[in-house]
Amino acid sequence: MNVAVVGLSHKTAPVEIREKLSIPEPQMESAIAHLISYPHIEEVTILSTCNRLEIYIVTHETEQGIREVTQFLSEHSKLPIKSLRQHLFVLLHQDAVMHLMRVSAGLDSLVLGEGQILAQVKNTHKLGQQYNGIKTILNKLFKQAITAGKRVRTETSIGTGAVSISSAAVELAQMKVQNLAACRVAIIGAGKMSRLLVQHLLSKGAVQIRILNRSLQRATELAQMFPEQPIQTHPLSEMMSVIAESDLVFTSTSATEPILDGAKLEMILEPSRPLMLFDISVPRNVHADVNNLANVQAFNVDDLKAVVAQNQESRRKMAQEAEGLLEEEVSSFDVWWRSLETVSTISCLRDKIEAIREQELEKALSRLGSEFADKHQEVIEALTRGIVNKILHDPMVQLRAQQDVEARRHCMQTLQTLFNLDVEKQFS
């Protein structure tokens, strides 16, 4: 069995490619079911965020398993494999394990050390279990990665002041306008990213904020989280009239198609009035053609890289400290992984010895007669079990303790030869 990850991220693919591969949560069940139906994929789960789409698999045949994932991604995105492949990365076993640890710790994020990714890894683990994609190996791997993410955030300073995509968008807005307090701000969407937008806008001095959402109740609930500042709420049907009265617009919805484009804006904007759009959604909420309008500036998640770069250097030294902790977690997973290889040999040996014990015990009890057997069977049963357990204890401990892969395999082969074990037949 091998662990592999096939995916793409902000490092390997632009937003227009990433949005084609995004898998929203309502589609997750069918996507996992599709992947697990492939003949070479034993376990699978999908990590889908605005900056990455990664598919983790366990497979007996690595090459075929990766080919099946690539085929799935091509079908899902409607991109030919040839053009898709240049954006994909593939990592195998130890590299795949370390990659998930780094992702969970926020070390692979656009914003180094950002905290939101850990919750997304937890959700990936939960959905993988819920939809029967995750079994023994990925369950252990994701638990270890979640532990690693928590350790990095509690035992290093990397999470201190770490910014999210939302706060990077607010920082970029502040760089562009200088004084957020003088700006009329509209936020389209009322999810977690929007909550973070409101939080960071208020911390930077914004006072004129409106929230629009398809569900007015959700917009109102979000506004009520910040009682210190009056925030207006509107249904999405009022979007264009609110935008017409705004200086800055942040979009963060789960829409799969753009909700704003050049034609819509041209109808409501005065020709000389400037407008800035900050689209932090993947797929994008704002069509690229808005940039053709003279006084409109539009920014998407890829434009946040300049803001992020300013924060990166101070966190880089903290990241080195975090890498040491991750090595410990990878090592812990590797010890568990190596022990799996010995399970079949140990189980086969124990079953064979147990069969011999039961056979010989039955012979002995039949010779002793039924009266003796009824009276002393429990004692003799315990005696024989104790002898078997003590004889098997040291070989099993030594086998599990072998750190060197070749040495461990040699020990297993020796046991199989000496005890005439047919492991493949028993576990086929």
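# Close-up views of a predicted model

Figure 1. Strand β8 (residues 248–251) and β9 run parallel and are joined by 4 bridges. Helices (H or I, at least four residues) and strands (E, at least two) are DSSP runs, numbered from the N terminus, and two strands pair if DSSP finds at least two bridges between them. Thr251 stands opposite Asp279 in β9. From β8, the chain passes through helix α12 (residues 262–268) to reach β9, in a β-α-β crossover that is right-handed. The term right-handed applies if, with the strands pointing away from the viewer, the path from the first strand over the helix to the second runs clockwise. Strand β10 (residues 296–299) also runs parallel to β9, and 4 bridges join the two. In this pairing, Met276 stands opposite Gln297 in β10.

The structure shown is a predicted model, in which local features need pLDDT of at least 70 and side-chain atom pairs count only at pLDDT 80 or more, whereas totals for chains, interfaces and linings use all residues. Residues are numbered from 1 along each chain as its sequence is written, and side-chain values use heavy atoms, with hydrogens and water left out.

Figure 2. Strand β9 (residues 275–279) is largely enclosed by the rest of the structure, because 5 of its 5 residues are buried. Buried means under 20% relative accessible area, exposed over 50%, and partly exposed in between (1.4 Å probe, protein chains only). In a regular strand, side chains alternate between the two faces of the sheet. Leu275, Leu277 and Asp279 point one way from β9, while Met276 and Phe278 point the other way, and all are buried.

**Figure 3. Aromatic pairs.** Rings of Phe, Tyr and Trp (its six-membered ring) pair if their centres lie within 6.5 Å; planes under 30 degrees apart count as stacked, over 60 as edge-to-face and the rest as tilted. By this rule there are 5 aromatic pairs. Phe278 and Phe299 form a stacked pair, because their ring centres are 5.1 Å apart and their planes lie at 20°. Phe278 belongs to strand β9 and Phe299 to strand β10, so this pair ties together parts that are 21 residues apart in sequence. Phe278 and Phe299 are both buried. Another aromatic pair, Phe333 and Trp337, is tilted, with 6.1 Å from centre to centre and 35° between the planes. These two residues, Phe333 and Trp337, are separated by about one helical turn because they are 4 residues apart in helix α13 (residues 305–368). Phe333 and Trp337 are buried. Which residues do ring pairs link into a cluster? The cluster consists of Phe250, Phe278 and Phe299.

**Figure 4. The largest pocket.** The volume of the largest pocket is about 1200 Å³. Its lining has 46 residues, of which Gln120, Met193, Thr253, Ser254 and Val282 are the closest to its centre. On a 1 Å grid over the protein atoms alone, a pocket is an open set of points with protein on both sides within 12 Å along at least five of seven lines, a cavity is a set of points where a 1.4 Å probe fits but cannot get out, and lining residues have an atom within 4 Å of a point. Grid points are joined across faces, edges and corners, and a volume is the space filled by probe spheres set on the points. At least two lining residues of the largest pocket come from each of β2 (43–49), α6 (116–130), α9 (192–203) and β6 (208–213). Helix α6 supplies the largest share, 7 residues. By class, the lining of the largest pocket has 23 nonpolar, 17 polar and 6 charged residues. Ala, Val, Leu, Ile, Met, Phe, Trp, Tyr, Cys and Pro count as nonpolar, Asp, Glu, Lys and Arg as charged, and the others, Gly among them, as polar.

**Figure 5. The largest cavity.** By the grid rule, there is 1 cavity of 30 Å³ or more. The largest cavity holds about 40 Å³ of space. The residues that line the largest cavity are Leu8, Arg18, Ser22, Thr49, Cys50, Arg52, Leu53 and Val282. This lining comprises 4 nonpolar, 2 polar and 2 charged residues.

**Figure 6. Backbone features in loops.** Val282 and Pro283 are joined by a cis peptide bond, with omega about 0°. Pro283 is placed in the loop between β9 and β10. Lys78, a residue other than glycine, has a positive phi near 60°. The loop between α3 (62–77) and α4 (81–85) contains Lys78, which counts as exposed at 72% relative accessibility. Asn420 is not a glycine either, yet its phi is positive, about 55°.
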